[in-house]
Amino acid sequence: MMTRLMTATAVLALATPALADTAERRIALSNNYAGNSWRQAMLESWEKVTGQAVADGVVAEAPAFTTAENQATEQAAQIQNMILEGYDAIVVNAASPTALNGAVKEACDAGIVVVSFDGIVTEPCAYRIAVDFQEMGRKQVEYLSGRLPEGGNLLEIRGLAGVFVDDEISAGIHAGVEQFPQFSIAGSVHGDWAQDVAQRAVAGILPSLPDDIVGVVTQGGDGYGAAQAFAAAGREMPIIVMGNRQDELLWWKEQRDASGYETMSVSIAPGVSTLAFWVAQQVLDGQTVPQDLIVPFLEIQQDGLDAALEATPEGGVANVEYSLEDAQAVIAGASN
Amino acid sequence: MRRMDLRLLLPTLSLLLLLGAVFWMQPRAMSYTGLNLLFNLSVPIALATIAQMLVIMVDDIDLSIGTFVGFCACVTATFLHDTPLLGVLILGAAVAAYAALGALIELRGLPAIVVTLGMSFVWSGLAVLMLPAPGGSSPAWITALMKARPPLVPMAIIACVVLAVVGHLLVTRSSLGTLLRAVGGNARSVSRVGWSVVRLKATAYGLAGVFGVLSGMALVGLTTSADANIALRYTLLSIAGVILGGGEFTGGRVSPVGAVIGALTLTLAGSFLTFIRLSPDWQIGAQGVILIVVLAARLLVRRRAVR
């Protein structure tokens, strides 16, 4: 029995070649900015997961580098230095989708695997782990349609005007409203992804809105501010979709405990850097990986609230670190 | 002549010292490809530094060169690629605008620092208008030129040497260069002799515009596409490069060869800090320290030379 178990383990070990083939490989993270809580959490996740991977002998080394200033030219130089240092793969969160293409091409030509995530690069030889922001917007309306089958008026809080992410999420929300025509968007304000701005903006538009606002669709970082504005105006609290920020989750929990308030929360986990790490590892391992992958969202539902809040540091963002299996699932999902 | 040599000695020494350190830490850099990777991004910086030097030479300072290079990069990646004739016209108009600014600054006695700071917003605004989202693509011939692999010596080194020689001939050897330096040194005596200072300043700014355009084109050749914010850092890098290369803010005292070496030193300092794995929190500070050390050394050497 014992020997059979051991043979089984040995066979299993052989069946997962990921551990052996990349043990000598080195993967570097090129990051353009570290000045907010999301990026800090992203770097921490990278350190945690890659530290474990190095200890387990999956890869030889996986250091993270951040440019001192958020500038594309500086990051291009950083990537060229990484080529010189002979890394086998470079994982990039890029300062610009296009301005690094020259350096990325140099890396590809040198036989280096380049995986971009969050801030992706357009150079075709690189792998991209992109966020489907439109789906993030559409999903919110879908959730509301489940909660409020009869529909009603929605308030939309947008992000920073002129930024690509804002346009994408908003387009998704409007697509959602088209899909569920029982909803209509009664008003829309720019909250700049900041609670204080969102609070001021919502307080400003509330008097001009009809009384029956049933839901608020958001972009993250603005749900708490919106709730404060509704409370201050003495209005009935609509269903506000949250964005995984700690203050939003805390407010949600307080409301749930007080009055049974129900909503959901969705955003991108900073731990997506670890997904990029595993994707790079899989490519180095010789697996076939599609050039374009989609980041899964981190959704928090009513029953997962307590656990999510507990794991989120004060002032931070809910996070999740990805494992090799998660990466394989994402790759398999994109291959089909 | 001896003083000029001394002025160049220090930047050259600091460059060699840094290069030695980089080679020691990363022997892979000591190859054709290695040198190219180390230095190719310093070609546009060196061009921008020469542009800045031409303005500093006439006793002004240009705070708009970074956004101007970004603007030129956007024109190169859009108009010059799609409709070359229109692209050339726009770039020509940009150079003319630079010359006109030089004339305006002299005619109205405006402070260059204010005018160029204002212009930096104009250039970046125009760049955003042209390319609201990063993109565009590099004209094939520019990429071919920037990524060419000539035998023996990498393109980046050849480009820098050519730039230094052209700059030297233009500024130090030609009669125009002598006049322009004289404007920076003592504008009043130049005008007393009968030269038009307005015209000379316009020439200096126009030449700066030409080098700015070349910088933007070289940058796009390397990155293969543009971004309106691609070269914001160049303003400060170019000023630091001029001073590091032995130039002085007082006007008239500049060295084109030194400016190119200064630009190379700054790029190399960045790579050096990456190679020793210094935390990014310390990198800007460390770059500043390198600058201060070189400048302090220069002051010491100069004091000794005066004595």
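**Chain contact and sheet in a predicted model**

Q: How many salt bridges are counted between chain B and chain A?
A: In this predicted model, the count between chain B and chain A is one salt bridge.

Q: Which three residues supply 26% of the area that chain B buries against chain A?
A: The contact takes 30 residues from chain B and 27 residues from chain A, and the two chains bury about 2500 Å² between them, 55% of it on carbon and sulfur atoms. Of the area that chain B buries, 26% comes from three residues, more than from any other three: B:Leu37, B:Arg233 and B:Arg277.

Q: Which strands stand at the edges of the open four-stranded sheet of chain A?
A: The sheet has the strand order 7-6-8-9, with parallel pairing. Each of the edge strands has a single partner strand, so one side of each is left without a neighbour in the sheet; these are strand 7 (183-190) and strand 9 (239-240) of chain A.

Q: Which helix packs on the sheet of chain A and touches strand 6, strand 7, strand 8 and strand 9?
A: Helix 8 (residues 195-205) of chain A packs on the sheet by touching strand 6 and strand 7. The helix that touches strand 6, strand 7, strand 8 and strand 9 has a direction making about 155° with that of strand 8, and this is helix 6 (residues 133-147) of chain A.

Technical notes: Residues numbered from 1 in each chain as written. Chains lettered and ligands numbered in written order. Predicted model: local features only at pLDDT ≥ 70, side-chain atom pairs only at ≥ 80, totals over all residues. Heavy atoms only, no water. Pairing = 2+ DSSP bridges. Helix = DSSP H or I, 4+ residues; strand = E, 2+ residues; numbered from the N terminus. Contact = heavy atoms within 4.5 Å. Axes fitted to C-alpha atoms, helices over the stretch in contact; angles between N-to-C directions. Buried area = accessible area lost by both parts, 1.4 Å probe. Salt bridge = Lys/Arg side-chain N within 4 Å of Asp/Glu carboxyl O.
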